[in-house]
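I opened a new notebook page today and went through a structure piece by piece. Here is what I looked up, in the order I looked.

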Amino acid sequence: MDLTDLTLKQAISTLHHGETSSRELTRACLARIEQLEPSLHAFLYLAADSAMSQADAADRELAALRRINSQSTKLLLGVPLAIKDVLTVEGLPCTAGSKILEGFIPPFTATAVKRLQESGAIVIGKTNTDEFAMGSSTENSAYGVTHNPWDTSRVPGGSSGGSAAAVAARLIPAALGTDTGGSVRQPASFCGVTGLKPTYGRVSRYGLVAYGSSLDCVGVLARTAEDVAILYTIMAGRDPLDATTAGAPVSRIEFVVADGRPPLGGLRIGIPREYFVSGIQAEVEAGVRQAVSMLEGLGAEIHEISLPHTEYALPVYYILAPAEASANLARYDGIRYGPRIQAESMWDIFYRTRGSKFGAEVERRIMLGTYALSAGYYDAYYGQAQKVRTLIKRDFEQAFEQIDAIAAPVAPTTAFPIGAHGDDPLAMYLEDVFTLPANLAGVPGLAFPVGFDGTGLPVGMQLMVPHFREDVLFRMAHAYQQVTDWQAQKPRI
Amino acid sequence: MPLSLEEVEHIATLARLELTAEEKARYRQQLSAILDYIRKLQELDTTDIPPTSSVLSEASPLRADESRPGLGREALLENAPEVERGQFKIPPVFE
C-alpha cells in the first residue's frame, strides 16, 4: 500500500490503529514531494527535519496510548499537513509569495494552524501562492509558478495553487488555503480536489497575512468532503485574537440521515441562470448539469433561480478588494520586517523598498485601491461598490428564502495554459467571475470534482449555502462522492 | 477616459511606490482598461441602498480592557532590517 494514497480520514484511522506510524506516513509524503517537486513546485518551504521529529514524538504518544488500550483525543495526532504561505507558523519563513517578506520568520502561529497542531497535526511545509494571494494562477508568485499535476503546462489555479497541486498530486493528504475571491475553490476545481471557503468570520484569521479584510477566509483543500469537514470542524469557532470571528455555534455535521429517506431528500437546490452564460466552456456546463441531475437522483429538488446582480460582482470586488489591500499593504515599508532598500530619507526608504519589492499585480491593486479611495473619487467608486455589494448580498438572501443551496460552475473553463493571460490583468480577473459573489455575500462555498474535459483536465462544481450552514455543503458533497469516484482519480505524473 | 500620466504619478506617490517610466506607461494603460470596466457600476441606481462594509450579522465583541503579555520586544525586533538599542532604526526625520 502506498501511504500517500490514503485520504485524511484513512490516514487518521491507520495511525490510531497502529497499522502505520507517523514516521512512515510523513516519510512517504516527503519522499513523494522530493520525487515530484521538480515538476510541480508546490512548496515554498519544506520543514522536513522538524516534521520528522514531530512524527517521532507523535509515534511515542500513540504507542503509549495503545499500551493502555486508549485512543488519543487528538484526532490529527501524527498527520502531516501543508499550509499556504500566507498563514504564519512560528519559526518557519512566511513570504506570502512576495519579495517584500523575504527572510521574514514570524514569531507566532496563526490560530487556524495552532488548532490543527493542538489536535496533533504536523506542518510539513508552506505552499506556493500568488503574491499576497492576489491572482488566479500562482503565476504572480515572486518565487515561480506552480504546475498543475494533471498537465504541467497548465496553471493549478490560484491563489492557493500550491496547496491544490500538493493535494491533487498526493504530496499531502490535506492543506490549508485562503479564499478572498475564489482562491480555494478555483484551484480546487482546476486540480480536481475538494475545497472549502467557509462562512466569513467562521475561521480565525489571526496570523493570516491580510489582503481584503472584509472578504478573506481561511479554507481547506483535501481529497474528499469528509476530509475537508474534519479540518474545518477543528478550526471553526470564536477566537479571542480575531474580533471578526462569529460566536454562532459550529453546526454539527451529519453525513447520513438515518431515516431511510434518500440522502438528499427534502433539500432544494437552486440553479442560477446568470452562471450559465456564453463564454463558459461547454464541458464545464455539461459537467455541472450532469452533477446536478445526480444530486436530484439522490433526492434533492432542483429549481431554476435568479441572482440578478451577478454581473456586478466583478467590478464591485475589483474596487473593494484593492481598496482594502491598499490599506493592509501600507505596513510593508522596510522598517519593521522584510528587506529594506537603504536611502537618505525615511520617505525614500518607503518608495524604493515598496517600488522594488512588490510585484506588478500587487502594485496594480495597490494603485487601483488608492485611486478608488482618493479624494474626489471615493463616492463614485468605493461608496458605489459598497452599495452594490448590498444588492448582491440581498440576491443571496432572497434566493435562500426558497432554496437550501445554490449549485454553479466554479470557473468558466478548466485549467488554462501557463502564460495564457500574458500581461492582461482584466482577462485574469474574469477567471473569478463565478467565485467572487460568495465572498461579497459572506456565504460558504464548497468546490468538488464532477468530471473531466476532453483533454483530461478536472471539471469542478461549487455549492453555496446560507451563512453557517457548512453542514449542508458537506452532506451534499459527501452524498455525491459516495456514488461517484471523480475525487479518487489520481493524476499520472 | 484614460488616466493621465500625472494621475498615475499622483496615485503612485500616495501609495509610496517608486515606479520606472516604463511601469508608469504600462500601469496607465492597464489601470485605465480596468477602470473602464469598473465604471459599469455607475449604471445602477443605488439612491436608497445602504452600503455594506461587513457581512457579519452580529456586532464584534469587545474584550475586557486589561493588559496582558504580548510577544515581547525581542521577538518583535527580530525581523527588523535595522535595530539600535532595542528600537527600530530609521534615518533622521527632523533636522
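**Entry 1: two helices of chain A**

I began with helix α9 (residues 313–328) and helix α12 (residues 379–399) of chain A, whose axes come within 9 Å and cross at roughly 125°. Before going on, I noted that this is a predicted model, where local features need pLDDT of at least 70, side-chain atom pairs count only at pLDDT 80 or more, and totals for chains, interfaces and linings use all residues. Residues are numbered from 1 along each chain as its sequence is written, while chains are lettered from A and ligands numbered from 1 in the order in which they are written.

Helices (H or I, at least four residues) and strands (E, at least two) are DSSP runs, numbered from the N terminus. Axes are lines fitted to C-alpha atoms, for helices over the stretch in contact, and angles run from 0 to 180 degrees between N-to-C directions.

α9(A) and α12(A) are therefore oblique to each other. On that scale, angles under 35 degrees count as roughly parallel, over 145 as roughly antiparallel, 65 to 115 as roughly perpendicular and the rest as oblique. The crossing of α9(A) with α12(A) is left-handed (the near helix is turned anticlockwise from the far one by less than a right angle; clockwise would be right-handed).

Which residues of α9(A) meet α12(A)? I found Ala313(A), Val316(A), Ile319(A), Leu320(A) and Ala323(A) on the α9(A) side. They meet Tyr381(A), Tyr382(A), Ala385(A), Val388(A), Arg389(A) and Ile392(A) of α12(A). Contact here asks that the C-beta atoms, placed from the backbone, lie within 7 Å. By class I have ten nonpolar, no polar and one charged residues in this contact. Ala, Val, Leu, Ile, Met, Phe, Trp, Tyr, Cys and Pro count as nonpolar, Asp, Glu, Lys and Arg as charged, and the others, Gly among them, as polar.

**Entry 2: the sheet**

Next I followed the strands of chain A. Eleven of them form an open sheet with mixed pairing, in the order β1-β3-β2-β4-β6-β5-β10-β11-β9-β7-β8. Two strands pair if DSSP finds at least two bridges between them. At the edges I found β1 (43–46) and β8 (301–305) of chain A, each pairing on one side only. From one strand to the next, the twist averages 25°.

I then looked at what packs on the sheet: helix α7 (residues 225–235) of chain A touches β4 (174–178), β5 (194–197), β6 (218–222) and β10 (445–452) of chain A. The direction of α7 makes about 150° with that of β6(A).

**Entry 3: pairs of strands**

Strands β2 (residues 80–84) and β3 (residues 122–127) of chain A run parallel and are joined by five bridges. Pro80(A) has Ile122(A) in β3(A) as its bridge partner.

Strand β7 (residues 268–272) of chain A is also parallel to β8(A), again with five bridges. Between β7(A) and β8(A) the chain passes through helix α8 (residues 282–297) of chain A, in a right-handed β-α-β crossover (with the strands pointing away from the viewer, the path from the first strand over the helix to the second runs clockwise).

β7(A) also runs parallel to strand β9 (residues 405–409) of chain A, through two bridges. There Gly270(A) stands opposite Ile406(A).

**Entry 4: two backbone details**

I stopped at the peptide bond from Gly158(A) to Ser159(A), which is cis with omega near 10°. Ser159(A) sits in the loop between β3 and α5 (161–168) of chain A. His41(A) is not a glycine, yet has a positive phi of about 55°; I found His41(A) in the loop between α2 (22–40) and β1 of chain A.

**Entry 5: where chain B meets chain A**

How many residues of chain B are in contact with chain A? I have 44 of them, against 55 residues of chain A. On the chain B side, α1 (5–14) and α2 (21–38) are the elements giving two or more residues, and α2(B) gives the most, with seven.

Helix α11 (residues 360–373) of chain A and α1(B) pack at about 100°, with axes 9 Å apart. That makes α11(A) roughly perpendicular to α1(B). Met367(A), Thr370(A) and Tyr371(A) make the contact with Ile11(B), Ala12(B) and Leu14(B).

Notes:
Two residues are in contact if their C-beta atoms, placed from the backbone, lie within 7 Å.
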